[in-house]
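Here is a short briefing to read alongside the sequence and the structure. Keep both open, and look up each residue as you meet its name.

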Amino acid sequence: MSASTPRLRSGFPATPATTARRYHDQQHTPTSTGSTSSAKAPRSPALPLAPENVQAQVAASQPVIPLTVLDAPQQRLYAFGVYVLLWAWKLYDWLQVLEDGDSSWFLFLKWIFIDFAFLFGVPELRIPWLELSQPVVTTVFSIHLVLNYMLMFNIPIPWQSWLLGFVKVLYDREISISERGVKVSSILNNHSLIMGKQIINILPEGSAVLNPEGKPFCLTTKPRNIASLPIYFNATIPAEIELIRIDLETNKEETIKISHREVGKVAKQIREHTADQTTSGFQWDYPVKKPGVYRLGKVLDEYKLEVQRTIKDTYVVPCPQARIRASEDSERCIQDLSNLALDVYGTPPLKILYSRTINGKDHSFHFQHLQPDGFSSPLLGASGLVQEDPDDISWVKPHKVTVGLNESMTSSGDWEYSVDEVHDAFNNVVKYAETNEQGEKSKPKALTRQFRVKERPKARLDGCDLRNPVKVAKGNTARLPVSFSMAGPNDDTSYEITWEFSPIDSLTNSGEHGDQVSIGSHSARDGRDKPLVSEPGLYTLKSVSSGACKGEVHEPSSCLLLNPLEPSLSIRSEDIPDKCAGNSIGLRVDLDLVGTPPFVVRYDVVTDGHVDRQVHRVSGLRSQLELVPKMAGRHKYIFRSIDDAIYHNLPLSGDDKVLEQVVKPAASAMIASSSKTISACLDSEVELDVVLYGDAPFNLEWEIVHDGKRKSERVTGIEENTFKIKTATLSKGGEYILALSSVQDTRGCRTFLQDQVKIAVRRQQPRAAFGFVEHKQKIMAVEDTPLRLPLRLQGEPPFNLRYRNLDGSGEVVTKQAKSANDFLLVRSRGTYELIEVRDNQCPGFVEPSASKFEVDWFPRPEISLVESASISPSNGLFVKQDVCEGDIDGFEVNLKGSPPYHVQYEVRHKSFQGSSAISRKEFDAALSKAAISMDTVKAGDYTYKFSALADNLYNSDKNFSPLIIQQRVNAKPSAVFTKPGQSFKYCMEEQEQEDRIPLTLTGVAPFYVEVEIKHQAGSPPETYRIPSIDSNSYGMRIPRQHLRLGTQQVRVRTVRDARGCQRKYEIGGPSVQIQLFEAPSIYPLESRRDYCVGERIAYTLSGTPPFDITYDFNGRWNAKSQTTNFRRIAEKPGEFTITSISDKASECRAAVNIPKTIHPMPSVQISRGKQSRVDIHEGNEVDILFEFWGTPPFEFTYTRSTNAKKGQRSSVLETRHDVSYEHSKVVKASQEGTYEVVAIKDKYCSFSTLQVEKSEKR
């Protein structure tokens, strides 16, 4: 517009100069304002302060917007502009009401509110000349209320058509043949028809992708922990970025708008990257601190256009965590259970790796597929992440899973359990092992658990048993010879021990505890500390413990403590005659002693007042002392004191302890035994050979001493030089002394004998019993493992044992044991029974209560199917009930053995077309039950074969019997319209020949089909059911009672076949249109057939409005006309054919055929529609390629202009006209300039940029 043209900017006319200045200001500074009043009377820079006595009414009458900011004419102009815009908006809504042919309460109420706010709000602004009174405003509002009612409820008024025509001038939009409102000028002034007239930058398609590689992210509990989400920008510079976050706990969406400052930094980095790099892609990492599901919401480029983006979810979850839960006690004993639990937290299914270190040796283990009971996740499906409900993110929420870890601690030393890694469902891995500067791994306390596993103590009695009692003097104490031991190095050797005690007089004849039994105990500071005992009797160890560990008591476990009798001495003396002549040459003194040998007898020899102290040592209970003095005279012998092994320096008294010397040689005898001690069994007899020297016959005397009692025996008339002494049955254990007393030969001279033999009679018989393993006589082990069954033997080794396996062949086996705590080596399961025992000398007996030991194998792992009504056995396998494609199905297996388990199985899929595929799978299970998801993604026969099973003890067995489950997955039926989207026309009354709606069905007949009929009139949808269709093709006829006059949409909602498989179609499923109309008529206003894009095709209609016209144009279209005229602007090329018409009053649709051909506007491109800049030398030529679209021949006009420079407009140098009979033409040019096409024409249509420029100027 020329600057000299005056324009009104206020309620008063402005001078041309002022208007021109304002127009210039508007071109450069849109915020600047100018007015006539300001031009005539310029304001001072500051207003004077009002006096304090000015009345308040003056301030109240001032406008809300001060006149210094915006003068009164401008305020009135803006108020009027807002009023005009509101009416334009109201007329737009009215046109929508006309197009829909319906009324709108919503629009009516909306405009009541808007008019009320505007009309009553303008007077409150106190704009000069617009300060309307309340009655005036109320009257104006009432008029607007009536107009709103007439417009929004489509009430005809006489001036409506005039107003509609005026609006059409301002609102340049018409209905096109595609039944949408188009702007006529945009069709007629299509700049894309002539390309290449100006510079056009064809940018590659920009895109923005959040996390293109689909990496998982997780957030730890550490402060300031963030996850950097990569956003990849390709060939675009963003101006606005929005992210959507869905909270995992509340499932609420949150929109995150990136600040303009951050977006500006990203744009700057992209520009720098694009300038330096050859690639246009750029990645920006956006930090997030909250877990959730993130999506890329909206991205606008620098032109405020929305950038193409890929909508996919990025999951930011809390990082998986794990901790070890156990009791606070860190002390354990060997063979105790670890009694631990692993708490794993994260998004299931989870996997945990932990290590167990025993004395520095590390072993790693893992559990996987950890998930809560009843948990379902799309990650568990057969085809990856497949979500039935994309809005359901409950499976992303982290859960806590507890896994028990209870195993026997079989080695002593330092045990440590530690969590190494934990994985969640998104393969987020948290590794807890951290290496410090010294190279040692350190972990938090909750991730490790250390135990000190101690060996169980062992105790036995060393150097004391029933054959070797501890002897102590009466009233004195002795230490019980307890031998305490613990394997391995131990700093603490303190222990507690208990024993049973029976007094000596309460013991049974066999030497066992009697009816008087008491319990004793002792707490030792270390292994060298032994209990003190003093009472005589039998002590038997019962238990030993060190700290919290109970130990084992080995044999010998019993010790007998005795208080021997005090030693005593009886003396008999006789003279030593000279060869039986009766002359005494000395004195032979017989010493009979009672006590515990050896003895020491002290006596004094008094000769003529001289005292000589002598000591006589006696190793046995008898001794003969020949006192043959060397000097003649009277000799006196005084026996003063006696010692034995227990007592010392006991004085002797009595008259018989003083002797006078007397003497005489005699016959002799000796026991023919190489050993002076003979061992004998309890309840046995002992025979001894005695050699006699002298002249027979002999008279022999001997004594047997036991427990201080003597028994003398005598045999006369022995004619042989040897004699066999046979004792009576030795029914009591202990020491027996058989001593020869005297012998007399035929001369009658009696000789005192000192030879004796000690007979050691055992106090107990040998016995045998099985020991304990973990406090029981039963053991479980891995199959075919050699086992050592502990033996507890009493007696003198070696022992000969006889035993048998009661569960085997029953054959009796002989075993020689070399120690009291030997063992039986066995290799087969069963109950082993001890039958007989014998030590190196005596037969013994087997304790009935400990004569048997059970050996059993840990069972091999087993897998079985959890019984279900949908599973039935068939020919050695299981058949799962048929399911339909896409159904969720599965089964559970029971696992027996020692967890964790490792299961391998294969899934064989055989489709109904014959192709097959095999996939091998495996999983680890920590529990005794595992759920297997069945693959139902594809239809066919599935066979699940479990081929291998291993547990913590056994590897997979070669003889493993596979578990086989079969299932058939039936394909879902389908029901589609043969021609989806087609419109079917019916009369209100049924006719003889009507089109049926063809349905094509797949599946097994008969079929059950539900269709939904949605009426256009707004009545609720109806459901029409077809209960039985016996074929795969069906012509559907819908009864008239389900149809309404007008258009209704019919879509398939449900189809089910004979196998029970069902498919439900959601919104957007296969559908057709059914229209129930009466037939009007239609006639074209022009007889010509060919039209161009942008021209109007008009018809006249006969009937009662409104009309419904059906026509074919690149598909089938339906149009409405509220009058008897039907007109559409041709927006696209194609064949436009009116096929039928109906109106409101007709009973059936009239089928017509009025074809029109719409030809496209011709178009032309120079250099393929892009700017082509070529630098050439003087005299060279450039081929300018013209490409045409349309119907030949083509006539086109092009110009050569000066090359545009900055700040200057190009000018046309020459115009040329040319013709092409082909779709392309090459024109050679060698002159400098810009070549642009300005007009194009083909056989039917033409287009020129000159008419576009004229319309734009208008």
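C333 is buried, with a relative accessible area of 3%. Its disulfide partner is C549, which is buried as well, at 2% relative accessible area.

**The link between C333 and C549**

- The sulfur atoms of C333 and C549 lie 1.8 Å from each other, and the two residues form a disulfide.
- Which hand does this link have? The torsion about the S-S bond is about -100 degrees, so the disulfide of C333 and C549 is left-handed.
- C333 belongs to strand β14 (residues 331-333) and C549 to strand β32 (residues 549-550), so the bond ties together parts of the chain that are 216 residues apart in sequence.

**Other disulfides**

- How many disulfides does the count give?
- C464 and C559 form a disulfide with an S to S distance of 1.8 Å.
- About the S-S bond of C464 and C559 the torsion is 85 degrees, and this link is right-handed.
- C464 sits in the loop between β24 (458-461) and β25 (470-471), while C559 is in strand β34 (residues 558-562); the pair links distant parts of the chain, 95 residues apart.
- Both C464 and C559 are buried.
- C884 is joined to C1061 by a disulfide, with 1.9 Å from S to S.
- The link of C884 and C1061 is left-handed, with -95 degrees about the S-S bond.
- C884 lies in strand β63 (residues 877-884), and C1061 in the loop between β76 (1046-1056) and β77 (1062-1064); this pair, too, links distant parts of the chain, here 177 residues apart.
- C884 and C1061 are both buried.

**A lysine in strand β63**

- K880 is found in strand β63, the strand that also holds C884.
- Is K880 buried or exposed? Its relative accessibility is 5%, and the cut-off for buried is under 20%, so K880 counts as buried.
- The side chain of K880 makes a polar contact, at 3.2 Å, with the side chain of D889.
- Leaving aside neighbours within four places in sequence, the residues in contact with K880 include S870, I871, F891, M934 and I965, as well as D889.

**A sheet of four strands**

- What is the order of the strands in this open sheet? The order is β9-β6-β4-β11, and the pairing is mixed.
- β9 (281-288) and β11 (308-310) are the edge strands, and each of them pairs on one side only.
- On average, neighbouring strands of this sheet are turned by 25 degrees against each other, with direction ignored.
- Strand β4 (residues 207-210) and β11 run parallel and are joined by three bridges.
- To find one of these places in the structure, look for S207, whose bridge partner in β11 is Q308.
- As background, strands of a sheet pair through backbone hydrogen bonds, either parallel or antiparallel.

- Most residues other than glycine have a negative phi, and most peptide bonds are trans.
- D683 is not a glycine, yet its phi is positive, at about 65 degrees.
- D683 is placed in the loop between β44 (677-680) and β45 (687-693), and it is partly exposed, with a relative accessible area of 47%.
- E774 also has a positive phi, near 55 degrees.
- E774 lies in the loop between β52 (767-770) and β53 (778-781) and is partly exposed, with a relative accessible area of 40%.
- The peptide bond from P797 to P798 is cis, with omega near 0 degrees; P798 is in the loop between β54 (787-794) and β55 (799-805).
- P899 and P900 are joined by a cis peptide bond with omega at about 5 degrees, and P900 lies in the loop between β64 (890-896) and β65 (901-910).

**How confident is the prediction?**

- The chain has an average pLDDT of 81, and 86% of the residues score at least 70.
- Over residues 1-59 the pLDDT stays under 50, and the model has 44 contacts beyond four places in sequence for this stretch.
- Residues 198-203 also have a pLDDT below 50, with seven contacts beyond near neighbours in sequence.
- Where pLDDT is low, the predicted coordinates should not be read in detail.

How values were computed
Residues numbered from 1 in each chain as written. Predicted model: local features only at pLDDT ≥ 70, side-chain atom pairs only at ≥ 80, totals over all residues. Heavy atoms only, no water. Pairing = 2+ DSSP bridges. Helix = DSSP H or I, 4+ residues; strand = E, 2+ residues; numbered from the N terminus. Axes fitted to C-alpha atoms, helices over the stretch in contact; angles between N-to-C directions. pLDDT = per-residue confidence, 0-100. Contact = heavy atoms within 4.5 Å. Disulfide = S-S within 2.5 Å. Buried < 20%, exposed > 50% of the residue type's maximum accessible area, 1.4 Å probe, protein only. Polar contact = N/O pair within 3.5 Å; in protein donor to acceptor, adjacent residues only side chain to side chain.
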